[in-house]
Amino acid sequence: MNKIKLNIKEKLKLSKVLENIEKGIDEKKIASLLDKYHSKQNAHVLGITGPPGVGKSSMINRLIANLRNKSLSVGVLAIDPSSQRSGGALLGDRARFDVDPKDSHVFIRSMAAKDYLGGISELTYPYMIVMRSLFDIVIIETVGVGQSEISIEDVVDTVIYCVQPGSGDTIQFMKSGIIEIPDIIVVTKSDLKDLSQITLSDLLSSKNFLLEKSEWDIGILPISSKNNSGINDLLYLIQKRWLWLNNSRILKNTRIFQDIEWIRKTIRNKFGTEGIKLTENQIKIGKNPFSSLKKLENRLHVKFD
């Protein structure tokens, strides 16, 4: 993996770029800007998901520290529940991540989920596209998922699902649609040894069922953010997954599918199912998905206005 270096000035520029995207996501010049970032697909994009309180943020803290020790740059998008009053992010990155503000190779952005379903925000995809071009690793943390909140798989290369020992999450996980999306499953808080081992055994005994849903050999392992144990094993699996994705057409095909899904979801949100019907055969991805979307939107505005 290439090691991408940023400086403080570039971090400030990135903040401004993301701010401009939020304000002008519907503008033609923003679409052109996003297409330029889209052409540089550098980072391995990780999605960290799981129920609230499972320890996602603590694990990400450890991942950031270990990745920085390997001189890899890290960008983080943390999707927060929204304030009912302001609509802004309720928790905020400063309360959750312990990073050196002077480290120019780490960038963290909190985002409000607002009323967007699926555990992510509507700006997650364009923000990810920008950060994917600038960092070695991009981490996206979801709000905390329920049985239908599986949109994270549409914006990342690798989904890491967190299970808390002794919480009943294992049974719920096996029953839900979430079972179809993880590439790596971690049992958090493995310093709770007995409970952790029971949960780990439950998951390992179900591995054959999980493998039926994926060509990738899903990794299942215990970690403890408190003791910093299992993090290197997790990083090994992440690297193994990245090599596997790059040694086939899977990565390229997955990212093309994600572009198409993002266009379809955007059209559905703005124009409903009728918009999808009118454009279904016109959604073709080349090098410029954001400009392609703008053209489709312009055609739909003519029909609906």
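At 30% relative accessibility, Ser71 counts as partly exposed. The model is predicted, and Ser71 is placed by it in the loop between α3 (56-69) and β2. Ser71 is not a glycine, yet its phi is positive, at about 65°. Most residues other than glycine have a negative phi.

Lys189 also has a positive phi, of about 55°, although it is not a glycine. The loop that holds Lys189 runs between β6 (184-187) and α6 (193-205). With a relative accessible area of 30%, Lys189 is partly exposed.

**The sheet**

Strands of a sheet pair through backbone hydrogen bonds, either parallel or antiparallel. Here seven strands form an open sheet with parallel pairing, and their order is β3-β2-β4-β1-β5-β6-β7. At the edges stand β3 (106-112) and β7, each of which pairs on one side only. From one strand to the next, the twist averages 20°.

Strand β2 (residues 74-80) pairs with β3 in the parallel sense, over seven bridges. Opposite Val74 stands Val106 in β3. Helix α4 (residues 124-132) lies across β1 (44-49), β2, β3 and β4 (137-141). The direction of α4 is at about 170° to β2.

**Packing of α2 and α10**

Two packed helices are described by the angle between their axes and the distance between the axes. For helix α2 (residues 28-38) and α10, the axes come within 7 Å and cross at roughly 150°. On the α2 side the contact is made by Ala31, Ser32, Leu34, Asp35 and His38, and on the α10 side by Pro289, Phe290, Ser291 and Lys294. Sorted by class, the residues of this contact between α2 and α10 are four nonpolar, three polar and two charged.

**Aromatic pairs**

The structure holds four aromatic pairs. Two of them are set out below.

| Pair | Centre to centre | Angle between planes | Class |
|---|---|---|---|
| Trp216 and Trp244 | 5.3 Å | 50° | tilted |
| Trp262 and Phe290 | 4.7 Å | 55° | tilted |

What parts of the chain does the pair of Trp216 and Trp244 tie together? Trp216 lies in the loop between α7 (207-211) and β7 (219-222), while Trp244 lies in helix α8 (residues 231-246), so the pair joins parts that are 28 residues apart in sequence. Trp216 has 3% relative accessibility and counts as buried because the cut-off is under 20%. Trp244, at 27% relative accessibility, counts as partly exposed. A charged residue also sits at this site: Arg241 lies over the face of Trp216, at 5.4 Å from the ring centre.

The pair of Trp262 and Phe290 links two helices. Trp262 lies in helix α9 (residues 250-279) and Phe290 in helix α10 (residues 289-304), so this pair ties together parts that are 28 residues apart in sequence. Are Trp262 and Phe290 buried or exposed? Both are buried. Ring pairs link Tyr125, Trp262 and Phe290 into a cluster. Phe290 is also among the α10 residues that make the contact with α2.

Terms used
Residues are numbered from 1 along each chain as its sequence is written. This is a predicted model: local features need pLDDT of at least 70, side-chain atom pairs count only at pLDDT 80 or more; totals for chains, interfaces and linings use all residues. Side-chain values use heavy atoms; hydrogens and water are left out. Rings of Phe, Tyr and Trp (its six-membered ring) pair if their centres lie within 6.5 Å; planes under 30 degrees apart count as stacked, over 60 as edge-to-face and the rest as tilted. Helices (H or I, at least four residues) and strands (E, at least two) are DSSP runs, numbered from the N terminus. Buried means under 20% relative accessible area, exposed over 50%, partly exposed in between (1.4 Å probe, protein chains only). A charge sits over a ring if NZ of Lys or CZ of Arg is within 6 Å of the ring centre and within 35 degrees of the ring normal. Two strands pair if DSSP finds at least two bridges between them. Axes are lines fitted to C-alpha atoms, for helices over the stretch in contact, and angles run from 0 to 180 degrees between N-to-C directions. Contact means heavy atoms within 4.5 Å. Ala, Val, Leu, Ile, Met, Phe, Trp, Tyr, Cys and Pro count as nonpolar, Asp, Glu, Lys and Arg as charged, and the others, Gly among them, as polar.
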